[in-house]
Amino acid sequence: MKLQRLCVIYFSPTGGTEKIARFVGGELSSGLGLTPEFFDFTKPEDRQTQYHFGAEDLLVMVSPVYAGRLPNKLAPEYKAKIFGQSTPAIPICVFGNRSPDEALRELVLLLEGNGFQTVGGAAFVGRHSFSDKVGAGRPDQADLAQITEFCAKAVEKLLLNQLPHLEMDRSEIGPYYTPLKDDGAPAKLLKAKPQTDGERCVHCGLCARSCPMGSIDKETVEAVGLCIKCQACVRRCPAHAKRFEDADFLSHVAMLEHNYIRRAENMIFI
Ligand SMILES: Cc1cc2nc3c(=O)[nH]c(=O)nc-3n(C[C@H](O)[C@H](O)[C@H](O)COP(=O)(O)O)c2cc1C
Ligand code: SF4
Ligand code: SF4
């Protein structure tokens with residue numbers, strides 16, 4: 001069976017997941033001789049359609065890790081909108097140098113439940129959305145070399161028609177990771193939302209347009225509904241007017257900067 005399409009779907013509020021998704025797409029493209037089609041699943045308007053893939057398509061699904069799992073507001077959308085029919089798939093998670101915990105297994109099980117056959121999977125390290133010091137400079141040259149090697153093996157498997165079965169524990173998925181404060185106590189992040197510095201804000205509206213939940217009021221750009229703490233508004237604001245001031249959130253960031261500066265390794269299954 002010859003593959004006809006190489007499709008890459010990614011959810012990427014702050015761009016780290018997209019960077020890896022595009023690199024993987026490029027590497028697979030040269031090996032398979034197919035032009036990659038990229039589908040951005042990040043903004044609410046991008047998530048309106050359903051995606052249906054056939055047996056001659058290859059899907060690469062790339063998601064960030066939130067609290068050791070797939071982002072809890074996105075996993076149901078992946079499940080409801082992305083379908084295969086014996087479609088080969090490569091699930092990839094991107095994590096911020098702490099740990100992917102259960103996220104990759106969750107993505108494998110989700111895709112397999114929706115009609116995909118997993119060729120291989122990986123969790124690659126990126127910069128942490130919460131801090132430039134955690135996962136700084138990742139993915140670096142060594143990471144990109146590992147991603148290239150992973151893609152070459154996937155191409156080899158696909159060209160030899162060695163479809164499933166990805167060797168992986170398929171038992172029930174464990175709980176979400178509990179974020180901790182710098183003193184080791186659980187951090188309560190549920191209510192944390194970005195604040196706007198009215199002195200700095202130039203009312204460009206970029207934060208509202210960047211929010212993957214469509215939660216920032218377009219008029220005031222201050223009122224925020226459901227917030228998944230993705231940091232898109234903070235990182236994309238050209239005036240540096242958005243920040244999280246919540247004490248538990250800041251203490252969690254301090255904990256990450258204290259304990260997770262060390263180099264985490266990529267996890268590769270192929
Ligand atoms: C709410 C939230 C929770 C996160 N939880 C984890 C985690 O449990 N483990 C980890 O290593 N990184 C975690 N991260 C970091 C992201 O997985 C990582 O920075 C990812 O590259 C972000 O993707 P993006 O740049 O495409 O937005 C978390 C980020 C956010 C926003
Ligand atoms: S992106 Fe920044 S400057 Fe632009 S409206 Fe939002 S807070 Fe204001
Ligand atoms: S308001 Fe929350 S969900 Fe929306 S972009 Fe900002 S951090 Fe992300």
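Me: Where does His 240 lie, that is, in the loop between which two elements?
Reply: This is a predicted model, in which local features need pLDDT of at least 70 and side-chain atom pairs count only at pLDDT 80 or more, while totals for chains, interfaces and linings use all residues. Residues are numbered from 1 along each chain as its sequence is written, and chains are lettered from A and ligands numbered from 1 in the order in which they are written. Helices and strands are DSSP runs numbered from the N terminus (H or I, at least four residues, for helices; E, at least two, for strands). On that basis, the loop with His 240 lies between α6 (232-236) and β10 (242-244).

Me: Let's turn to His 203. What is its phi, about?
Reply: You will find His 203 in the loop between β9 (194-196) and α5 (206-210). With 11 C-beta neighbours inside 10 Å, His 203 counts as exposed. Although His 203 is not a glycine, its phi is positive, at about 55°.

Me: Is Phe 150 buried or exposed?
Reply: Phe 150 is found in helix α4. Since 23 other C-beta atoms lie within 10 Å of Phe 150, the residue is buried.

Me: How many of the five residues of β8 are buried?
Reply: Take the strand one side at a time: Gly 121, Ala 123 and Val 125 on one side are buried, and so are Ala 122 and Phe 124 on the other. Both faces of β8 are covered in this way. The count of buried residues in β8 is five of five.

Me: How does β8 run relative to β6, and which residue of β8 is the bridge partner of Phe 95?
Reply: Two strands pair if DSSP finds at least two bridges between them. Four bridges join β6 (residues 87-95) to β8, and these strands run parallel. For Phe 95, the bridge partner in β8 is Val 125.

Me: Which residue of β11 is the bridge partner of Ala 123?
Reply: β8 pairs with strand β11 (residues 267-269) over three bridges, in the antiparallel sense. Across this pairing, Ala 123 has as its bridge partner Met 267.

Me: How many residues surround ligand 2?
Reply: A residue is near a molecule if its C-beta atom, placed from the backbone, lies within 6 Å of it. The closest to ligand 2 are Cys 201, Cys 204, Leu 206, Cys 207 and Cys 237. The number of residues surrounding ligand 2 is 13.

Me: And how many residues surround ligand 3?
Reply: Look for Cys 211, Cys 227, Cys 230, Ala 232 and Cys 233, which are the closest to ligand 3. The number of residues surrounding ligand 3 is 15.

Notes: Buried ≥ 20, exposed ≤ 12 C-beta atoms within 10 Å, placed from the backbone.
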